[in-house]
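Please go through the fold described below with the model open. The text moves from the domains to the sheets and then to a helix pair.

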Amino acid sequence: MTEQPKAIRPDPFQALLPPLGLYIDGAWLDGTGRFPVFNPADGSVVAEVADATAAHAEAALAAADRAQPGWRRLPPRRRADLLHAAHRLMCAREAAFVQTMTLESGKPLTEAQGEFRLSADFLLWFAEQVAHLHGTYANASHGGFRVVVTHQPVGPCLLITPWNFPLLMIVRKAGAALAAGCTAVVKTAQETPLTGALFMQVLHDAGFPAGVANLLHTRHSAAISEPLLRDPRLRKVSFTGSTRVGARLMELGAGNIVNSSMELGGDGPFLVLDDADIDLAVEQAIICKFRNAGQACVAANRIIVDRRVEAAFTARFVARVRALTVGNGLLPVDVGPMISARQRDRLDAVIATLVAAGGTVLAGGRAIDAPGYFFEPTVVRFDAPNPVMCSNELFAPIATVFAVDGIGEALAFANASRYGLASYVFTRDLDRAVAVGEALEFGMVGINRGIMADPAAPFGGTKASGIGREAGHEGIYEFLERKYMAVTVREDRGDL
Ligand code: NAD
């Protein structure tokens with residue numbers, strides 16, 4: 001029999017503090033023990049949250065399954081009203097979200113605020129989309145019946161999110177799933193459960209029915225996801241994280257033919273052509289590389305610069321990197337810590353590998369001796385393309401710059417990767433921008449800009465970077481299935 005966890009906070013009483021339990025079937029419940037959430041800026045414990053077991057996961061899926069028929073039957077306008085209410089509540093709690101994100105992920109307050117506002121925009125986007133989903137109506141090719149196509153929710157979903165954008169990743173998945181009429185079990189990342197808890201409290205306070213959205217935190221991700229993916233009640237998994245884990249989840253879901261959307265790793269090439277606006281390229285490379293201390297799937301992973309402008313670009317870029325301030329995100333700094341000591345400690349070996357492959361360290365290169373998990377903003381230059389950086393996602397405040405001879409070499413190096421998420425090109429020539437953009441084997445191309453996420457844009461990658469798109473006009477369809485009804489029509493009736 002499923003374990004019946006004890007309710008520890010049945011009624012929300014403090015909207016600004018994240019609840020610490022698991023949210024299952026409309027109530028905050030205790031887990032089996034608790035685990036600490038650390039502040040990566042100083043290693044201190046921010047809070048201890050409930051730890052879910054497979055039994056909690058089963059209870060969450062059972063609740064989502066029970067809630068599914070009622071949720072999908074709710075008129076779209078009513079679902080939209082709930083999402084709008086959640087959006088308003090979320091906006092009223094901005095300060096709590098921003099502070100919590102900085103405390104548990106380390107990102108500077110300004111970045112947390114940027115993530116918060118973008119997340120709120122995504123929720124609004126989905127709220128606006130709900131009541132505007134269309135079907136089609138057509139004559140069968142030889143007449144005699146009509147082809148009526150509409151969309152129906154896929155069914156209960158498992159949404160697994162990473163720590164690097166602890167709010168955006170949840171809102172982008174849960175907003176679309178709930179708008180589509182699916183119920184959801186959200187699994188937060190172990191490092192950043194508190195932001196997800198604040199979001200779930202928003203949904204609770206907005207009046208979402210019990211079981212429609214559920215939240216699990218756990219130290220045992222595999223033990224939770226494996227039985228869920230084998231459970232026939234689960235109809236969809238949407239995952240953001242590493243390619244290794246995404247592939248494993250697809251394997252697990254294969255037996256059950258679970259519909260899968262995957263947002264996985266990236267190897268972002270950032271191309272600067274010889275006619276680029278160098279100041280613009282430098283400014284955008286700084287944002288694209290060092291936002292979130294480089295821990296972003298869309299980060300510029302390889303900065304590929306035409307040799308004719310490389311010296312000018314690198315000199316300005318290195319000067320900007322050296323001026324970046326690093327520290328606790330609660331202070332006005334440019335770059336925060338890595339998410340964990342383990343993530344920081346792997347970087348010494350990364351630098352050694354880059355240097356052994358012929359790279360020259362022009363800035364940074366070392367961990368910072370402080371209680372938090374800081375690493376110096378770093379630039380490593382290569383005089384030519386180098387295979388050491390093909391399919392090698394750094395996920396760190398380490399920029400690699402490569403001098404290349406012309407567009408052909410730049411494109412060949414950019415595409416020599418198993419990944420295909422975000423890419424960037426800087427040029428003043430529109431024809432070259434379009435030609436290069438079309439030749440880049442990536443799901444997204446930023447032209448003269450290093451930040452692309454927007455509710456109106458379909459976010460996602462090709463190759464090992466994933467399957468499916470989030471947001472844009474198509475994102476909601478990841479959570480919908482086409483339903484075709486063939487309607488016999490007697491066309492020979494004389495009375496019509
Ligand atoms: P990760 O794959 O280790 O973890 C991501 C999530 O999966 C976390 O919630 C984690 O707890 C969970 N997880 C881990 N093992 C699991 C298992 N066996 N079963 C079920 N869940 C499991 O990734 P990470 O290191 O936390 O995040 C970094 C990776 O995520 C990078 O490769 C990055 O590029 C990618 N990412 C991609 C996007 C995108 O939109 N494409 C966005 C952010 C991050």
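What follows is a short report on domains, sheets and helix packing.

This is a predicted model: local features need pLDDT of at least 70, side-chain atom pairs count only at pLDDT 80 or more, and totals for chains, interfaces and linings use all residues. Residues are numbered from 1 along each chain as its sequence is written, and side-chain values use heavy atoms, with hydrogens and water left out.

**Domains**

The chain is divided into domain 1 (14-264 + 465-483) and domain 2 (268-447). These bounds come from an automatic or database domain assignment. The C-alpha centres of the two domains lie 31 Å apart. At the interface, 22 residues of domain 1 are in contact with 26 residues of domain 2; contact means heavy atoms within 4.5 Å. About 2,000 Å² is buried between domain 1 and domain 2, and carbon and sulfur atoms give 60% of that area. Buried area is the accessible area (1.4 Å probe) that two parts lose on being put together, summed over both. On the domain 1 side, Pro-40, Trp-163 and Ser-465 lose the most area to domain 2, together 27% of what that side buries.

**Sheets**

Helices (H or I, at least four residues) and strands (E, at least two) are DSSP runs, numbered from the N terminus. Two strands pair if DSSP finds at least two bridges between them. The table lists three strand pairs.

| Strand pair | Bridges | Direction |
|---|---|---|
| β4 (residues 34-38) and β5 (residues 45-50) | Five bridges | antiparallel |
| β16 (residues 378-382) and β17 (residues 398-404) | Five bridges | parallel |
| β7 (residues 145-153) and β23 | Nine bridges | antiparallel |

β4 and β5 form a hairpin with six residues between them. Gly-43 in the turn has a positive phi of about 80°. Phe-35 stands opposite Val-49 in β5.

An open sheet of seven strands runs in the order β15-β16-β17-β14-β13-β19-β20, with mixed pairing. β15 (360-363) and β20 (444-447) stand at the edges; each has a single partner strand, so one side of each is left without a neighbour in the sheet. The twist averages 25° from one strand to the next. Axes are lines fitted to C-alpha atoms, for helices over the stretch in contact, and angles run from 0 to 180 degrees between N-to-C directions. Within this sheet, Val-380 stands opposite Thr-400 in β17.

Helix α12 (residues 347-356) touches β15, β16 and β17, and its direction makes about 15° with that of β17. Helix α13 (residues 406-415) touches β13 (269-272), β14 (302-306) and β17; its direction makes about 170° with that of β14.

A further open sheet has three strands in the order β6-β7-β23, with antiparallel pairing. β6 (136-139) and β23 (480-488) stand at the edges, each with a single partner strand, so one side of each lacks a neighbour in the sheet. Neighbouring strands of this sheet are turned by 20° against each other on average, direction ignored. Phe-145 stands opposite Thr-488 in β23.

**A helix pair**

Helix α7 (residues 221-230) and helix α8 (residues 243-254) pack at an angle of about 35°, with their axes 8 Å apart. Ser-225, Glu-226, Leu-229 and Arg-230 in α7 meet Arg-248, Leu-249, Leu-252 and Gly-253 in α8. The residues of this contact divide into three nonpolar, two polar and three charged; Gly counts as polar here.
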